[in-house]
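Here are my notes on the model you sent over. Have the structure open while you read, and follow the points in order.

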Amino acid sequence: MIREAKCIVVHTGAGISTSAGIPDFRGPNGVWTLEKQGKKSDTTMTFESAQPTITHMALVAMVEARIIQMIISQNVDGLHLRSGLLRENLAELHGNVFMERCEKCGKCILDSGVASPIWLGRHPT
């Protein structure tokens, strides 16, 4: 069925990032769930220190093999781009905490502290 498909789109959410140590927001121990209970998450993982998982890398390999054409993510952690996935193959529904848009020209710029080498560089405006 996959090989016969004309276009495959993958939708990712919290599960792909929780395996990288990033807590979810709505689950039983999620950040917002605990906040409502007056508690804080005990995780020490930050978006900056999290690394792409084997699942992120498998998705990149499937995009490169032209099995998957597009990945749609609800995550804001930047792990898809840090895994090497090209921006043209990714739609980030809720944005990316490391991405800024230049108000003058509209170009998207990733924070070079966490960006993949593909994204490094200066922006003139």
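1. Thr 18 touches Pro 23 and Asp 24 once residues up to four places away in sequence are set aside; contact here means heavy atoms within 4.5 Å. Thr 18 sits in helix H1. Helices (H or I, at least four residues) and strands (E, at least two) are DSSP runs, numbered from the N terminus. With a relative accessible area of 36%, Thr 18 is partly exposed. The cut-offs are under 20% relative accessible area for buried, over 50% for exposed, and partly exposed in between (1.4 Å probe, protein chains only). Further along the chain, Thr 53 is 35 residues away from Thr 18, and their C-alpha atoms are separated by 9.6 Å.

2. Before going on, a word on what you're looking at. This is a predicted model, where local features need pLDDT of at least 70 and side-chain atom pairs count only at pLDDT 80 or more, while totals for chains, interfaces and linings use all residues. Residues are numbered from 1 along each chain as its sequence is written, and side-chain values use heavy atoms, with hydrogens and water left out.

3. How confident is the predictor? The chain has a mean pLDDT of 84, and 89% of its residues reach 70 or more; pLDDT is the predictor's confidence in each residue, from 0 to 100. Over residues 116-121, though, the pLDDT is below 50, and this stretch has 10 contacts in the model beyond near neighbours in sequence. Where pLDDT is low, the predicted coordinates should not be read in detail.

4. Now the overall layout. The chain has four helices and five strands, in the order β-α-α-α-β-α-β-β-β from the N terminus. Of the 125 residues in the chain, 33% are buried. Taking contacts between residues at least 6 apart in sequence, 46% join residues at least 24 apart.

5. Leaving aside neighbours within four places in sequence, Thr 43 is in contact with Gly 21 and Pro 23. Pro 23 also came up as a contact of Thr 18. For distances, Thr 43 and Val 31 are 12 residues apart along the chain, with 9.6 Å between their C-alpha atoms. Thr 44 and Ile 22 are 22 residues apart in sequence and 8.7 Å apart in space, C-alpha to C-alpha.

6. Most residues other than glycine have a negative phi. Arg 66 is in the loop between helix H3 (54-64) and strand S2 (70-73), and counts as exposed at 72% relative accessibility.

7. What about the largest pocket? About 350 Å³ of space lies in it. On a 1 Å grid over the protein atoms alone, a pocket is an open set of points where a 1.4 Å probe fits, with protein on both sides within 12 Å along at least five of seven lines; lining residues have an atom within 4 Å of a point. The volume is the space filled by probe spheres set on the points, and grid points are joined across faces, edges and corners. There are 17 lining residues, and the closest to the pocket centre are Ala 14, Phe 25, Arg 26, Gln 74 and Asn 75. Helix H1 (residues 14-18) gives the largest share of the lining, three residues. By type, the lining has seven nonpolar, seven polar and three charged residues. Here Ala, Val, Leu, Ile, Met, Phe, Trp, Tyr, Cys and Pro count as nonpolar, Asp, Glu, Lys and Arg as charged, and the others, Gly among them, as polar.

8. How many salt bridges does the structure hold? There is one, where the side chains of Glu 92 and Arg 87 meet at 2.9 Å, N to O. The term needs a side-chain nitrogen of Lys or Arg within 4 Å of a carboxyl oxygen of Asp or Glu. Glu 92 is buried at 13% relative accessible area, while Arg 87 is partly exposed at 30%.
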